[in-house]
Amino acid sequence: MGVFAAVGVLLPFPYYYWLWTNPQAWVNLCGKDKNPSKVMSHVSHFLKLLQFISLFSVSTLSWPPPLYFWPLFGFGQFLNFRVYQLLGESGTYYGVRFGKNIPWVTQFPFGVIQDPQYVGSILSLFACLSWTPFQYILLWTLGYVFMIYVESKEDPATRAKPIS
């Protein structure tokens, strides 16, 4: 396993863990004039780009993809877009941890699929197995499983207070 690719694949997860477990520190770091969810989304997109570059560095692309690619990738991305559509930026990017009031959502896929954004991401990753060595897909998936576990232990008392 290439060290650069492995580190790149795991890069966002310490950041997500730190944000989840230290939301007040992040809100304070962002300051009064910045939306902590928006700042998180910008950093997350940059880290996601580094993840993709890392994965691309060990991938062998070919066309056409195998038939299993289309349903896995299509449904995975549908779940991701649907979660973002229902929760918005603040709901997707830890707004509740940063002291925002995020309404509870029950529309599909919520209430049907537990952790639908992570499930969608994992399905999309597995769709790429014909191009990317399994160990990198597994490593990325384990990062998501770790965050599912971390986020399942949310204590409302540890949520951040908005800066006044």
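1. Let's start with Arg159: its relative accessibility is 28%, so Arg159 counts as partly exposed. The cut-offs behind that word are under 20% relative accessible area for buried and over 50% for exposed, with partly exposed in between (1.4 Å probe, protein chains only). The side chain of Arg159 meets that of Glu154 in a salt bridge, 2.7 Å from N to O. A salt bridge here is a side-chain nitrogen of Lys or Arg within 4 Å of a carboxyl oxygen of Asp or Glu. Glu154 is itself partly exposed, at 24% relative accessible area.

2. A word on what you are looking at: this is a predicted model, in which local features need pLDDT of at least 70 and side-chain atom pairs count only at pLDDT 80 or more, while totals for chains, interfaces and linings use all residues. Residues are numbered from 1 along each chain as its sequence is written, and side-chain values use heavy atoms, with hydrogens and water left out.

3. Back to Glu154, which also forms a salt bridge with Arg97 (3.0 Å, N to O). Arg97 sits in the loop between α5 and α6 and Glu154 in the segment after α7 (134–152), so this pair ties together parts that are 57 residues apart in sequence. Put together, Arg97, Glu154 and Arg159 are linked in a network of salt bridges. Helices, by the way, are DSSP runs of H or I with at least four residues, strands are runs of E with at least two, and both are numbered from the N terminus.

4. Leaving aside neighbours within four places in sequence, the contacts of Arg97 are Trp20, Pro23, Glu154, Asp155, Thr158, Arg159 and Ala160. Contact means heavy atoms within 4.5 Å.

5. The structure holds 3 salt bridges, and one of them joins Lys38 to Glu89, with the closest N and O atoms 3.2 Å apart. This pair links distant parts of the chain: Lys38 is in helix α4 (residues 36–56) and Glu89 in helix α5 (residues 69–92), 51 residues apart. Lys38 is partly exposed at 38% relative accessibility, whereas Glu89 is buried at 19%.

6. Have a look at Gly95 too, in the loop between α5 and α6. Gly95 is buried, with a relative accessible area of 0%. Beyond its neighbours within four places in sequence, Gly95 is in contact with Ser37, Ser90, Lys100 and Ile102.

7. Now some backbone details to check by eye. Most residues other than glycine have a negative phi, and most peptide bonds are trans. Tyr94 has a positive phi of about 60° although it is not a glycine; Tyr94 is in the loop between α5 and α6 and is buried at 7% relative accessibility. Asp115 has a positive phi of about 55°, lies in the loop between α5 and α6 and is partly exposed at 27%.

8. Which peptide bonds are cis? One joins Trp63 and Pro64, with omega about 0°, and Pro64 is in the loop between α4 and α5. Another runs from Phe108 to Pro109, with omega near 10°, and Pro109 is in the loop between α5 and α6.

9. Ser124 belongs to helix α6 (residues 116–127) and is buried, with a relative accessible area of 7%. Not counting residues up to four places away in sequence, Ser124 touches Leu72, Phe73, Gly76, Gln77 and Asn80.

10. Finally, the overall picture. The protein chain has 7 helices and 0 strands. With 164 residues, a compact globule would have a radius of gyration near 15 Å, and the chain's 17 Å agrees with that; the radius is taken over C-alpha atoms, and the globule rule is 2.2 Å times the number of residues to the power 0.38. The C-alpha trace spans about 55 × 35 × 25 Å along its principal axes. Buried residues make up 39% of the 164. Of the contacts with a separation of 6 or more, 79% are between residues 24 or more positions apart.
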